[in-house]
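Please look at the chain below from one end to the other before reading on.

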Amino acid sequence: MSKLLTRLREPDGPLDDLCRLLLDDLLGRTLGEVLEPERTATMLASTLRRQLNSEQGQERLLAWWDAAVERIAVEERPLRDVVPVEIRDAIQTLAAQPY
(Lines give C-alpha, C1' and ligand atoms only; values in the text may rest on other atoms or scores of the structure.)
Protein backbone atom coordinates (compact mmCIF):
# COMPACT_ATOMS: atom_id res chain seq x y z
CA MET A 1 0.00 0.00 0.00
CA SER A 2 2.85 2.38 0.83
CA LYS A 3 4.39 1.93 -2.66
CA LEU A 4 1.03 2.70 -4.25
CA LEU A 5 0.56 5.89 -2.23
CA THR A 6 4.13 6.97 -2.98
CA ARG A 7 3.55 6.43 -6.70
CA LEU A 8 0.23 8.34 -6.61
CA ARG A 9 1.93 11.30 -4.94
CA GLU A 10 4.71 11.60 -7.52
CA PRO A 11 4.77 14.92 -9.39
CA ASP A 12 3.05 14.47 -12.76
CA GLY A 13 2.06 11.01 -11.62
CA PRO A 14 -1.22 9.11 -11.92
CA LEU A 15 -2.98 11.30 -9.35
CA ASP A 16 -2.16 14.44 -11.34
CA ASP A 17 -3.45 12.75 -14.49
CA LEU A 18 -6.67 11.75 -12.73
CA CYS A 19 -7.17 15.30 -11.42
CA ARG A 20 -6.69 16.73 -14.91
CA LEU A 21 -9.23 14.25 -16.33
CA LEU A 22 -11.78 15.05 -13.62
CA LEU A 23 -11.30 18.80 -14.03
CA ASP A 24 -11.59 18.53 -17.80
CA ASP A 25 -14.81 16.55 -17.40
CA LEU A 26 -16.22 19.03 -14.89
CA LEU A 27 -15.40 22.05 -17.07
CA GLY A 28 -17.09 20.36 -20.03
CA ARG A 29 -20.41 20.25 -18.20
CA THR A 30 -23.10 22.91 -18.13
CA LEU A 31 -23.76 24.82 -14.93
CA GLY A 32 -27.13 23.08 -14.66
CA GLU A 33 -25.39 19.71 -14.65
CA VAL A 34 -22.96 20.76 -11.94
CA LEU A 35 -25.45 22.58 -9.72
CA GLU A 36 -28.90 21.12 -9.33
CA PRO A 37 -31.16 24.13 -10.09
CA GLU A 38 -33.80 23.37 -7.45
CA ARG A 39 -31.29 22.70 -4.68
CA THR A 40 -29.19 25.72 -5.64
CA ALA A 41 -32.26 27.99 -5.64
CA THR A 42 -33.34 26.69 -2.24
CA MET A 43 -29.88 27.20 -0.74
CA LEU A 44 -29.56 30.68 -2.28
CA ALA A 45 -32.98 31.75 -0.99
CA SER A 46 -32.17 30.42 2.48
CA THR A 47 -28.83 32.23 2.53
CA LEU A 48 -30.41 35.50 1.39
CA ARG A 49 -33.16 35.22 4.02
CA ARG A 50 -30.60 34.69 6.79
CA GLN A 51 -28.52 37.57 5.48
CA LEU A 52 -31.49 39.94 5.23
CA ASN A 53 -32.70 38.98 8.70
CA SER A 54 -29.37 40.04 10.19
CA GLU A 55 -28.56 43.66 10.98
CA GLN A 56 -25.22 43.38 9.19
CA GLY A 57 -26.91 41.97 6.09
CA GLN A 58 -29.43 44.80 6.01
CA GLU A 59 -26.63 47.35 6.33
CA ARG A 60 -24.74 45.73 3.43
CA LEU A 61 -27.86 45.68 1.27
CA LEU A 62 -28.58 49.36 1.97
CA ALA A 63 -24.95 50.29 1.23
CA TRP A 64 -25.08 48.34 -2.04
CA TRP A 65 -28.40 49.97 -2.94
CA ASP A 66 -27.10 53.48 -2.20
CA ALA A 67 -23.98 52.84 -4.32
CA ALA A 68 -26.12 51.50 -7.19
CA VAL A 69 -28.41 54.54 -7.06
CA GLU A 70 -25.36 56.84 -7.14
CA ARG A 71 -23.89 55.00 -10.15
CA ILE A 72 -27.22 55.19 -11.99
CA ALA A 73 -27.62 58.89 -11.19
CA VAL A 74 -24.36 59.80 -12.93
CA GLU A 75 -24.73 57.36 -15.86
CA GLU A 76 -25.28 59.29 -19.10
CA ARG A 77 -25.16 56.44 -21.62
CA PRO A 78 -28.42 55.09 -23.09
CA LEU A 79 -29.44 51.59 -21.99
CA ARG A 80 -28.42 50.07 -25.33
CA ASP A 81 -24.83 51.01 -24.51
CA VAL A 82 -24.99 49.71 -20.95
CA VAL A 83 -26.92 46.44 -21.23
CA PRO A 84 -24.89 43.55 -22.72
CA VAL A 85 -25.91 42.37 -26.18
CA GLU A 86 -26.87 38.92 -24.85
CA ILE A 87 -29.37 40.44 -22.44
CA ARG A 88 -30.81 42.77 -25.10
CA ASP A 89 -31.20 39.80 -27.46
CA ALA A 90 -32.90 37.74 -24.74
CA ILE A 91 -35.29 40.60 -23.96
CA GLN A 92 -36.15 41.02 -27.63
CA THR A 93 -36.74 37.27 -27.96
CA LEU A 94 -39.02 37.26 -24.90
CA ALA A 95 -40.88 40.34 -26.11
CA ALA A 96 -41.57 38.65 -29.45
CA GLN A 97 -43.24 35.65 -27.79
CA PRO A 98 -47.03 35.44 -28.07
CA TYR A 99 -48.24 35.40 -24.48
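## Helices along the chain

Helices (H or I, at least four residues) and strands (E, at least two) are runs assigned by DSSP, and they are numbered from the N terminus. Read from that N terminus, the elements follow the order α-α-α-α-α-α-α, and the chain has 7 helices and 0 strands. The model is predicted, so local features need a pLDDT of at least 70 and side-chain atom pairs count only at pLDDT 80 or more, while totals for chains, interfaces and linings use all residues. Residues are numbered from 1 along each chain as its sequence is written, and side-chain values use heavy atoms, with hydrogens and water left out.

## Overall extent and cover

The radius of gyration, taken over C-alpha atoms, is 23 Å for this chain, whereas a compact globule of 99 residues would have one near 13 Å; the globule rule behind that value is 2.2 Å times the number of residues to the power 0.38. Along the principal axes, the C-alpha atoms fill a box of roughly 65 × 40 × 30 Å.

A residue is called buried under 20% relative accessible area, exposed over 50% and partly exposed in between, with a 1.4 Å probe and protein chains only. Buried residues account for 3% of the 99 residues. The chain exposes about 9500 Å², of which carbon and sulfur atoms supply 61%; such areas come from the Shrake-Rupley method with a 1.4 Å probe, and for residues only the protein chains shown count as cover.

Helix H5 covers residues 55-74. The expected span of a helix is 1.5 Å times one less than its number of residues, so the 20 residues of H5 should span 28 Å, and the 29 Å between its end C-alpha atoms agrees with this. H5 is hardly covered, with 2 buried residues among its 20.

Rings of Phe, Tyr and Trp (its six-membered ring) pair if their centres lie within 6.5 Å, and the pair is stacked when the planes are under 30 degrees apart, edge-to-face when over 60, and tilted otherwise. The count by this rule is 1 aromatic pair. Trp64 and Trp65 form this tilted pair, at 6.3 Å centre to centre and with 50 degrees between the planes.

## Salt bridges

Side chains of opposite charge can pair when their charged atoms come close. A salt bridge is a side-chain nitrogen of Lys or Arg within 4 Å of a carboxyl oxygen of Asp or Glu, and the structure holds 3 of them. One joins Arg20 and Asp17 at 2.8 Å, N to O; both residues lie in helix H2 (residues 14-27), 3 residues apart, which is about one turn of the helix. An α-helix has 3.6 residues a turn, so residues three or four places apart point the same way. Arg20 is partly exposed at 45%, and Asp17 is partly exposed at 38%.

Asp25 forms a salt bridge with Arg29 at 2.9 Å between the closest N and O atoms, and Arg77 forms one with Glu75 at 2.7 Å. Arg77 is partly exposed at 47% relative accessibility, as is Glu75 at 33%.

## A nonpolar surface patch

Patches are made of residues with over 30% relative accessible area and no salt bridge, where like charges are joined within 9 Å and nonpolar side chains (Val, Leu, Ile, Met, Phe, Trp, Tyr) within 5 Å. Leu23, Leu26, Leu27, Leu31, Val34 and Leu35 make a nonpolar patch of about 580 Å². H2 and helix H3 (31-34) are the elements that give two or more residues to this patch, and the largest share, 3 residues, comes from H2. Leu27 is found in helix H2 and is exposed, with a relative accessible area of 64%.
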